[in-house]
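I opened the model to look up its strands, its sheet and its ring pairs. My entries follow.

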Amino acid sequence: MKKLWTVLWLLWGSHAVADQVQSFGAYQVHYNTFESAFLTPDIANQYGFTRSKGQALLNVAVTTQAAGQLPQSQRMIVTGTVTNLLGQIVPLSFKTIDEGDAVYYIAAFTKTDDEILKFQVHARPNANAAPMTVNFQRHFYVDK
């Protein structure tokens, strides 16, 4: 599992942009998308992801951070949808990856060449809590 964590953090660092984290009080919701083909075959197989030019992954992690301390990963209930420009809405099915000191949520989705997709992600610490909602869009291309 530590291999996947390392891959995800490397991807986060290499694709970092300002809008990939949103704060909600004490919580920070981090998110990014990446090509499923970036995963090694072993890691993709271990977690049941398909490596394909037509498939990408959404990674979500929620942290808290006290002053002068490292961020602490938080367990959440994460749900979401992806919508294309025609208005077709597809629910995302998140897999929880729990490595003890790191918890993150990954959902696979399909994409086509030159496609803009809109994402809505809800994270909540428990079923009774109000959701922390993140909305963003990404422009995807398929390497030929």
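I call a residue buried under 20% relative accessible area, exposed over 50% and partly exposed in between, with a 1.4 Å probe and protein chains only. The model is predicted, so I took local features only at pLDDT of at least 70 and side-chain atom pairs only at pLDDT 80 or more, while totals for chains, interfaces and linings use all residues. Residues are numbered from 1 along each chain as its sequence is written, and side-chain values use heavy atoms, with hydrogens and water left out.

Entry: overall make-up. I took helices (H or I, at least four residues) and strands (E, at least two) as DSSP runs, numbered from the N terminus. The protein has 2 helices and 10 strands, in the sequence pattern α-β-β-α-β-β-β-β-β-β-β-β. Of its 144 residues, 41% are buried.

Entry: the sheet. I count two strands as paired if DSSP finds at least two bridges between them. I found an open sheet of 4 strands in the order β6-β5-β9-β10, with antiparallel pairing. Its edge strands are β6 (89-92) and β10, each pairing on one side only. Going across, β5 and β6 share 4 bridges, with Thr83 opposite Ile89. Strand β5 (residues 77-83) joins β9 over 7 bridges, and Ile77 stands opposite Arg124 there. Between β9 and β10 (residues 132-140) I noted 9 bridges, with Ala123 opposite Met132.

Entry: the faces of β9. Which residues of β9 are on its covered face? I listed Glu115, Leu117, Phe119, Val121 and Ala123 there, and Ile116, Lys118, Gln120, His122 and Arg124 on the uncovered face. In a regular strand the side chains alternate between the two faces of the sheet.

Entry: ring pairs. Rings of Phe, Tyr and Trp (its six-membered ring) pair if their centres lie within 6.5 Å; planes under 30 degrees apart are stacked, over 60 edge-to-face and the rest tilted. The whole structure gave 5 aromatic pairs. Phe109 and Phe119 are edge-to-face, 5.0 Å centre to centre with 70° between the planes. Phe109 is in strand β8 (residues 103-110) and Phe119 in β9, so this pair ties together parts 10 residues apart in sequence. Phe109 also pairs edge-to-face with Phe140, at 5.5 Å and 70°. Phe140 lies in β10, so that pair ties Phe109 in β8 to a part 31 residues apart in sequence. Phe109 and Phe140 are both buried, and Phe119 is buried too. Ring pairs link Tyr31, Phe109, Phe119, Phe136 and Phe140 into a cluster.
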